[in-house]
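Please look over the sheet, the open spaces and the ring pairs of this model. A short report is wanted.

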Amino acid sequence: LDGMYKIERVKISSLASNASSDVRKEEGENLISSLSLTLTRDTRNNVFNPTSGGVLRNTVQFAGGWLGGDRDFMKYTSMLDWYFTYFKNQTFEIKLRGGVANEFGDTTMVPIYERFYAGGANTIRGYGYRDVGPKSAAGNPIGGESMAIANFEYTFPIVKQIKGAIFYDVGNVWSKISDIGQNFRSAVGVGVRVKTPLGPVKIDYGYGLNDKPGERKGRFHFSMSRNF
């Protein structure tokens, strides 16, 4: 069980002319005072190269109210990351994530910088960074108050320092908690995992199966990983 108190001052200024109303409502300075509690259970057989077991993590964040500050909201996130090995050095990973956030008191909406976002290397590959979920009339991501994402990945050895990967990602971000579960977006793809002195490098190519008009078909994603 871990706990963290955080106080931060957020300043939003010099907004573009096409900034969304959600961003304009946050213009100026706001003090965010929050307390987070995280409960984690880790049964992985190896932190850096797991082949069995998993991690279950639940976090509750409470901001405002008796803690003070300018914004009142609660946020809950949960993550389950589980590993299976059926053949030597070939691992199947299932990663499930979900979250909800809600305002209370005199706060009329969850701050845009505290909402959920998806799309990109670490959420739903095959789509641009934060491109999955609610957007403004100008097409800019504005996040949502609920989120659900599932990643299914199979990795296998190619040579000593390189692994291959096949994956399927699915999920979405919704404006309101009541909308959760509607209109999932998904993607499939392949990738490689390269072990380097700085840590494993992930190179993925994802292809979105639910692209919207104007979105690019297929994307490469580069990221660093703690696991190989």
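The report below covers the strands, then the pockets and the cavity, then the aromatic pairs.

This is a predicted model, in which local features need pLDDT of at least 70, side-chain atom pairs count only at pLDDT 80 or more, and totals for chains, interfaces and linings use all residues. Residues are numbered from 1 along each chain as its sequence is written, and side-chain values use heavy atoms, without hydrogens and water.

**Sheet**

Ten strands build an open sheet with antiparallel pairing. Their order is β1-β2-β3-β4-β5-β6-β7-β8-β9-β10. The edges are β1 (2-12) and β10 (219-224); each has a single partner strand, so one side of each lacks a neighbour in the sheet. On average, neighbouring strands are turned by 20° against each other, direction ignored. Strands here are DSSP runs (E, at least two residues), numbered from the N terminus. Two strands pair if DSSP finds at least two bridges between them. Axes are lines fitted to C-alpha atoms.

β4 and β5 pair in the antiparallel sense over 14 bridges. F87 stands opposite Q90 in β5. Side chains alternate along β10. Buried means under 20% relative accessible area, exposed over 50%, and partly exposed in between (1.4 Å probe, protein chains only).

**Pockets and cavity**

Both kinds of space come from a 1 Å grid over the protein atoms alone. A cavity is a set of points where a 1.4 Å probe fits but cannot get out; a pocket is an open set with protein on both sides within 12 Å along at least five of seven lines. Lining residues have an atom within 4 Å of a point. A volume is the space filled by probe spheres set on the points.

| Space | Volume | Lining by class |
|---|---|---|
| Largest pocket | about 720 Å³ | ten nonpolar, eight polar, 13 charged |
| Second largest pocket | about 470 Å³ | seven nonpolar, five polar, six charged |
| Largest cavity | about 40 Å³ | one nonpolar, two polar, five charged |

The largest pocket is lined by 31 residues; D81, Y83, E93, S225 and N227 lie nearest its centre. β5 gives the largest share of this lining, five residues. The second largest pocket has 18 lining residues, with K75, T77, R97, F116 and M147 closest to its centre. β4 gives the most there, with four residues.

The whole structure holds one cavity of 30 Å³ or more. G126, Y127, G128, D131, D211, E215, R216 and R219 line the largest cavity.

**Aromatic pairs**

Seven aromatic pairs are found. Rings of Phe, Tyr and Trp (its six-membered ring) pair if their centres lie within 6.5 Å; planes under 30 degrees apart count as stacked, over 60 as edge-to-face and the rest as tilted.

F62 and W66 are stacked, 6.0 Å centre to centre with 20° between the planes. F62 is buried at 19% relative accessible area, whereas W66 is exposed at 67%. Ring pairs link F62, W66 and F104 into a cluster.

F152 and Y168 are also stacked, at 6.2 Å and 25°. F152 lies in β6 and Y168 in β7, so this pair ties together parts 16 residues apart in sequence. F152 is partly exposed at 27%, and Y168 is partly exposed at 33%.

Notes
Ala, Val, Leu, Ile, Met, Phe, Trp, Tyr, Cys and Pro count as nonpolar, Asp, Glu, Lys and Arg as charged, and the others, Gly among them, as polar. Axes are lines fitted to C-alpha atoms, for helices over the stretch in contact, and angles run from 0 to 180 degrees between N-to-C directions.
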